[in-house]
Amino acid sequence: MTKEVLFGKLWEIYTAQNPSVKKVYNLFVNEGETIENDHIAFRTFDDPRINIEVLAKPFLMAGYEEKGDYHFEAKKLYAKHYEHKTDQKAPRVFISQLKTAEFSSFLQDTVKALADKIDGDLLNSNELIFSGNTWGLPSFEVYRQLRDESEYAAWLYVYGFCANHFTVSVNYLKKLNSVEKVNEFLKKNGYLINDSGGEIKGTPQELLEQSSIKSEIVAVDFEEGSFEVPGCYYEFARRYPDSTGKLYPGFIAKSADKIFESTDFYRKE
Ligand code: NI
């Protein structure tokens with residue numbers, strides 16, 4: 001599968017599940033902007049059947065290679081990022097996994113049961129990354145219990161394997177060429193910016209600035225009925241050149257740590 005097919009399919013699923021993303025995309029296009037993706041992010045659990053290495057497979061086959069890795073102590077996450085070997089413009093791929101051993105036996109048993117339910121053929125195919133929730137109708141009670149321990153785990157329980165967010169590269173924007181301008185534009189159009197850790201994460205000195213809109217709230221079917229829960233979100237990133245003149249290619253753990261909270265509405269309500 002080429003990276004174009006891979007990203008095309010991921011984009012289709014992501015925008016179908018989160019209609020506001022397409023609206024934001026169109027707002028930029030109507031301003032005359034061209035959208036290039038800085039990176040695309042995925043979430044998973046560290047169960048060896050579905051961990052980072054498993055999700056990375058189709059990207060490695062499409063010409064990507066592993067670059068950096070990141071630790072998020074408070075959220076109990078580990079992540080890796082991948083870059084395309086030759087195409088500088090290709091989006092980076094960021095995959096994180098929850099360190100389940102650091103959670104309750106309830107969470108660990110739940111995750112194991114979910115992985116047990118995934119069809120073996122699917123696990124061995126390149127389709128897992130598109131498969132969404134393959135473990136069936138979620139229980140709202142389980143969702144709530146997971147959320148008490150890890151909002152990340154609860155989100156993953158509901159949505160399964162899909163892009164958690166796409167990220168617009170601000171470097172390629174002509175008019176809205178700073179994260180400040182992007183944020184003002186989004187707010188003017190009625191979108192909420194994730195302000196955990198400030199509206200802009202990172203600084204020009206750190207060579208990466210990021211912001212994101214809060215997840216769309218979507219109605220999801222649970223065993224107990226339909227409930228509105230946070231979906232995916234859209235992110236924006238501007239990279240700065242390092243001392244050699246090359247744009248900084250990596251990620252900043254303390255910024256990404258706050259970006260993860262774009263799907264977390266409950267704490268503030
Ligand atoms: Ni991101």
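**Nickel site and largest pocket**

Along the chain, the donors of the nickel ion follow the spacing H-x125-H-x69-E, donors being N, O and S atoms within 2.8 Å of the metal (3.2 Å for Na, K and Ca), with water not among the atoms, so sites may look incomplete. This is a predicted model, in which local features need pLDDT of at least 70 and side-chain atom pairs count only at pLDDT 80 or more, while totals for chains, interfaces and linings use all residues. Residues are numbered from 1 along each chain as its sequence is written, and side-chain values use heavy atoms, without hydrogens and water.

**Nickel site**
- His39 (NE2), His165 (NE2), Glu235 (OE) and Glu235 (OE) coordinate the nickel ion at 2.1 to 2.5 Å.
- His39 in strand β1 and His165 in strand β5 (residues 165-169) are 126 residues apart and link distant parts of the chain; strands are DSSP runs of E, at least two residues, numbered from the N terminus.

**Largest pocket**
- The largest pocket has a volume of about 390 Å³, a pocket being an open set of points on a 1 Å grid where a 1.4 Å probe fits, with protein on both sides within 12 Å along at least five of seven lines.
- Its lining has 19 residues, of which Glu83, Gln88, Lys89, Arg92 and Pro249 lie nearest the centre.
- β1 (37-45), β2 (64-72) and β3 (77-84) each supply at least two lining residues.

Technical notes
On a 1 Å grid over the protein atoms alone, a cavity is a set of points where a 1.4 Å probe fits but cannot get out, and a pocket is an open set with protein on both sides within 12 Å along at least five of seven lines; lining residues have an atom within 4 Å of a point. Grid points are joined across faces, edges and corners, and a volume is the space filled by probe spheres set on the points. Helices (H or I, at least four residues) and strands (E, at least two) are DSSP runs, numbered from the N terminus.
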